[in-house]
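Work through the exercises below with the sequence and the model open.

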Amino acid sequence: MDFEGQKLADRLHQIITALFGVIGFIYGYIHQRFGYTMYISMIGLTISALICVPDWGFLNKNPLKWQPPIGEGGEEDEEEEEEEEETPPPKSKSKKSSKSSKSKVKRRK
């Protein structure tokens with residue numbers, strides 16, 4: 001279901017539920033039976049659910065255009081992963097003070 005379909009489904013749900021609620025209230029008021037109001041309201045909710053919940057074709061009129069995935073060359077990605085695995089981790093240097101490493105960072109900028 002696309003975004004426009006979601007908007008339409010929400011609007012249909014509101015209209016159907018409100019319409020059956022008003023009809024149920026009037027019918028129940030005339031007959032002085034609250035049960036009639038509830039039955040008619042529940043029928044409206046059921047119809048609304050049958051129309052709005054499934055992904056019907058009329059709710060998919062504006063499909064999204066997706067971008068192609070990044071890195072579609074599957075073989076190239078696998079080669080890069082193999083190269084990363086083959087390189088050994090860098091050797092740790094002797095312990096130096098943190099000031100010397102900070103000064104190196106400043107010089108690089």
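**Exercise 1. Is serine 48 buried or exposed?**

The model is predicted: local features need pLDDT of at least 70, side-chain atom pairs count only at pLDDT 80 or more, and totals for chains, interfaces and linings use all residues. Residues are numbered from 1 along each chain as its sequence is written, and side-chain values use heavy atoms, with hydrogens and water left out.

Step 1. Serine 48 has a relative accessible area of 1%, so the residue is buried.

Step 2. Locate the residue: serine 48 is in helix H2. Helices here are DSSP runs (H or I, at least four residues), as are strands (E, at least two), numbered from the N terminus.

Step 3. List the neighbours, where contact means heavy atoms within 4.5 Å. Leaving aside neighbours within four places in sequence, serine 48 is in contact with His13, Ile16, Thr17 and Val53.

Step 4. Take the distance to one of these: the C-alpha atoms of serine 48 and histidine 13 are 5.3 Å apart, although 35 residues separate the two in sequence.

**Exercise 2. Describe how helices H1 and H2 are arranged.**

Step 1. Two packed helices are described by the angle between their axes and the distance between the axes. The axes are lines fitted to C-alpha atoms, for helices over the stretch in contact, and angles run from 0 to 180 degrees between N-to-C directions.

Step 2. H1 covers residues 3–31 and H2 covers residues 34–52; their axes come within 7 Å and cross at roughly 165 degrees.

Step 3. H1 is therefore roughly antiparallel to H2. The cut-offs are under 35 degrees for roughly parallel, over 145 for roughly antiparallel and 65 to 115 for roughly perpendicular, with the rest oblique.

Step 4. The crossing of H1 and H2 is right-handed. A crossing is right-handed if the near helix is turned clockwise from the far one by less than a right angle, and left-handed if anticlockwise.

Step 5. Sort the contact by class: between H1 and H2 there are 14 nonpolar, ten polar and no charged residues. Ala, Val, Leu, Ile, Met, Phe, Trp, Tyr, Cys and Pro count as nonpolar, Asp, Glu, Lys and Arg as charged, and the others, Gly among them, as polar.

**Exercise 3. How many aromatic pairs does the structure hold?**

Step 1. Rings of Phe, Tyr and Trp (its six-membered ring) pair if their centres lie within 6.5 Å; planes under 30 degrees apart count as stacked, over 60 as edge-to-face and the rest as tilted.

Step 2. The structure holds two such pairs. In one, phenylalanine 25 and tyrosine 29 have ring centres 6.2 Å apart and planes at 20 degrees, so the pair is stacked.

Step 3. Both residues of that pair lie in helix H1, four residues apart, about one turn of the helix. Phenylalanine 25 and tyrosine 29 are both exposed.

Step 4. Tyrosine 27 and tyrosine 36 form a tilted pair, at 5.6 Å centre to centre with 45 degrees between the planes. Tyrosine 27 is partly exposed at 39% relative accessibility, and tyrosine 36 is partly exposed at 35%.

**Exercise 4. Summarise the whole protein.**

Step 1. The protein has four helices and zero strands, in the order α-α-α-α along the sequence.

Step 2. Of its 109 residues, 12% are buried.

Technical notes
Buried < 20%, exposed > 50% of the residue type's maximum accessible area, 1.4 Å probe, protein only.
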